[in-house]
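Here is a protein chain to look at.

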Amino acid sequence: MVSLGSGAFNPDDLESIMHELKKLDEKSLLAYWIKGEYDESDMYIELARRAKELGLSESLIETFICLSKESKEHGDTLRRIFLCNYGEEPIPPDIPPIEVAPLLDKFERAEDVFEVLKLAMESELLAKKIYEHLAEEENREELKKVYLSLAAVEKAHYERLRGEFEILKGLEEEEKSC
């Protein structure tokens, strides 16, 4: 089992997590993603709170809030599918979330926002790739469509974060030239 208790996240952790995920049956994998989406929602709310405390742009705060809402909606959608298919509440396996990188530990000062945004963008791209992989492996058209839809939303999350990154970089460069 993989432990990320130290807050350090490296490629070896990712490889170990992916190895563990490949062992899961469909039911456990779906339960894992449900929890992951809810964890991501909580993370984005905390990022919004910290961004506000640090006096960062309202646009960035709103982006984090919007991403939180969309992640919760993903979790709700997956939970409905789970309940429909299995008739019980999901119980996720004890595997660290792959989509929620340790962003909160890195977001203590306003200057940290660039590293946090980079990690968040990487996390969203990873989630997109995994949802696409799940869609490729899925035989049922209904679930395949759901996974592809979630992959598209993860890509939109990435694009939104990238836009905020570009805006903030532009502002920083403007300040340096003054």
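The questions and answers below set values against definitions.

Q: How do you know how far to trust the model?
A: This is a predicted model, in which local features need pLDDT of at least 70, side-chain atom pairs count only at pLDDT 80 or more, and totals for chains, interfaces and linings use all residues. Residues are numbered from 1 along each chain as its sequence is written, and side-chain values use heavy atoms, with hydrogens and water left out. The pLDDT is the predictor's confidence in each residue, from 0 to 100; the chain averages 83, and 85% of the residues score at least 70.

Q: What makes Arg160 and Glu70 a salt bridge?
A: The term requires a side-chain nitrogen of Lys or Arg within 4 Å of a carboxyl oxygen of Asp or Glu. The closest N and O atoms of Arg160 and Glu70 are 3.5 Å apart, so the pair qualifies. The pair links distant parts of the chain, with Arg160 in helix α5 (residues 141-177) and Glu70 in helix α3 (residues 58-86), 90 residues apart.

Q: How many salt bridges does this rule give?
A: The count comes to 14.

Q: Why is Glu70 called buried, and why is Arg160 called partly exposed?
A: Buried means under 20% relative accessible area, exposed over 50%, and partly exposed in between (1.4 Å probe, protein chains only). Glu70 has 18% relative accessibility, so Glu70 counts as buried. Arg160 has 30%, so Arg160 counts as partly exposed.

Q: What makes Arg140 and Glu138 a salt bridge?
A: Their side chains meet at 3.2 Å, N to O, so the pair passes the cut-off. Glu138 is buried because its relative accessibility is 8%, while Arg140, at 35%, is partly exposed.

Q: How do you know that Arg162 and Glu159 are about one turn of the helix apart?
A: Both lie in helix α5, three residues apart.

Q: Why are α3 and α5 called roughly antiparallel?
A: Two packed helices are described by the angle between their axes and the distance between the axes. Axes are lines fitted to C-alpha atoms, for helices over the stretch in contact, and angles run from 0 to 180 degrees between N-to-C directions. Angles under 35 degrees count as roughly parallel, over 145 as roughly antiparallel, 65 to 115 as roughly perpendicular and the rest as oblique. For α3 and α5 the angle is about 170 degrees, with the axes 11 Å apart; the helices are therefore roughly antiparallel.

Q: What makes Leu21 buried?
A: Leu21, found in helix α1, has 7% relative accessibility and therefore counts as buried. Not counting residues up to four places away in sequence, Leu21 touches Leu29, Tyr32, Ile95 and Ile98.

Q: Why does Lys128 count as buried?
A: Lys128 lies in helix α4 (residues 113-137) and has 17% relative accessibility, so Lys128 counts as buried.

Note on methods. Helix = DSSP H or I, 4+ residues; strand = E, 2+ residues; numbered from the N terminus. Contact = heavy atoms within 4.5 Å.
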